Amino acid sequence: MAEVKKIIFVALGFPNVAIRRYLYSNLMHEFRKNGHDVFVIAADNNRKKSEIVEEGGIKILRVPSLKFFGTNNIIKGLSNVLLPYLYKRALIKHKIDLDFDLIFMPTPPITLIDVGFWLKKKSKGKLYLILRDIFPQNAVDLKMMKPKGFIHSYFRKKEVKLYTASDFIGCMSPANVDYIKKHNTYLDFSKLHLLPNWADIQEISEVTETATKEDYGLKDKIIAIFGGNMGLPQKMENIIDLAKNCQEIEDLVFFLVGKGTEQKKIARMIDTLKLKNVIFKEHLPKNEYNDILRLSDIGLISLSEDFTIPNYPSKVLAYYQFKKPVLASVDVNTDFGKMQEEIKCGFWSKAGDVEALKKNLLKLYNNKKLREELGQNGYDYMINNLTPSHAYDIAYSHVR
């Protein structure tokens, strides 16, 4: 491939780096740092008209859209279908030169392929897919979509177009690569390679060291924390069942932070079961959440047992960052648990097996030294393998 100078990142969302960094902004800033000309297009449901802004040295075309999060599936689906047309219209309206050498596109949503494919034809650039969601099969697994129905067929065609049009496909884990090969035999498998998630270690240095457990009413408590989306994929009932079965441990607290489609249901469960060992917060400012994460003792991961696709929860990176051992309840089709064993950063059990999950919890609860060792292992693995510079090196090695 010729020199990769001009890049466009076709994003779903892209927070202002001055307010919050996240997975993809970290990667795009790494590309910019290495001399690439980066342009981003992203949806913004709070904006009334499209506008080009510059944030952290990167030009971003922000496009008004319908809501994607915290809304019902019909609105979310319509938003996904409309987004490519809104992006094309905004690019044309703002007279953006479509001469990109490389087009980055993540999933979700797979509908972005319509604008990605259009950009590829217009610019003659290469298309790099950052695969973070195997859709529509994940929706089928969670019974949100009927297999082989009209809607499933529509999105499956989009998925095939997505994989076929992509020149490079970066997958989260070896199981993801194997799954795509098994279920898409028409593909040129040389496109597929590993691109693990990454985390910005700078976030760690920005956390204040002044907060204490006393500040949050958690003095003398062992804290097991969960922070992130609370939807069907996370199957938060796994965590609630664990808390229910640990009520006799008086100094153990489950600290849950997050929003999502299952948030209200989980709040009702906590109330109905009268779980005094659970603290539930809908939202915390990032700095305050990181303070509590720093003070916590165990990081919690939960996935639905219904998944046939190999998910890899990105929230584990925050646990690595803050040296927290991982306690996971996951399905048997993901290689997440196996990889945690290899890293030696925590324990996992099959989703739904609350007895095995509690047994693993007690290993961590009863042994502070073990918690520290596992937490350090996760941190060391992240520093050596999962930084934005590592992600840049992997991606760029395939496209240059």
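Residues are numbered from 1 along each chain as its sequence is written, and side-chain values use heavy atoms, with hydrogens and water left out. Because the model is predicted, local features need pLDDT of at least 70, side-chain atom pairs count only at pLDDT 80 or more, and totals for chains, interfaces and linings use all residues.

**Overall build**

The protein holds 15 helices and 14 strands. Both are DSSP runs numbered from the N terminus: helices are H or I with at least four residues, strands are E with at least two. The radius of gyration is 21 Å, close to the 21 Å that the globule rule gives for 400 residues, so the protein is as compact as a globular protein of that length. That radius is taken over C-alpha atoms, and the rule is 2.2 Å times the number of residues to the power 0.38. Along the principal axes, the C-alpha atoms fill a box of roughly 65 × 50 × 40 Å.

**A helix pair**

Helix H3 (residues 113-123) and helix H5 (residues 150-165) have axes that come within 10 Å and cross at roughly 35°. Axes are lines fitted to C-alpha atoms over the stretch in contact, with angles from 0 to 180 degrees between N-to-C directions. The crossing is left-handed: the near helix is turned anticlockwise from the far one by less than a right angle. Ile 113, Asp 114, Phe 117 and Lys 120 in H3 meet Lys 158, Lys 161, Leu 162 and Ala 165 in H5. Contact means heavy atoms within 4.5 Å.

**Backbone spots**

Most residues other than glycine have a negative phi, and most peptide bonds are trans.

**The cavity**

The count comes to one cavity of 30 Å³ or more. On a 1 Å grid over the protein atoms alone, a cavity is a set of points where a 1.4 Å probe fits but cannot get out; lining residues have an atom within 4 Å of a point. Points are joined across faces, edges and corners, and volume is the space filled by probe spheres set on them. The largest cavity has about 30 Å³ of space. Its lining includes Arg 132, Asp 133 and Ile 134.

Definitions and conventions: 1 Å grid on protein atoms, 1.4 Å probe; cavity = no way out; pocket = protein on both sides within 12 Å on 5 of 7 lines; lining within 4 Å.
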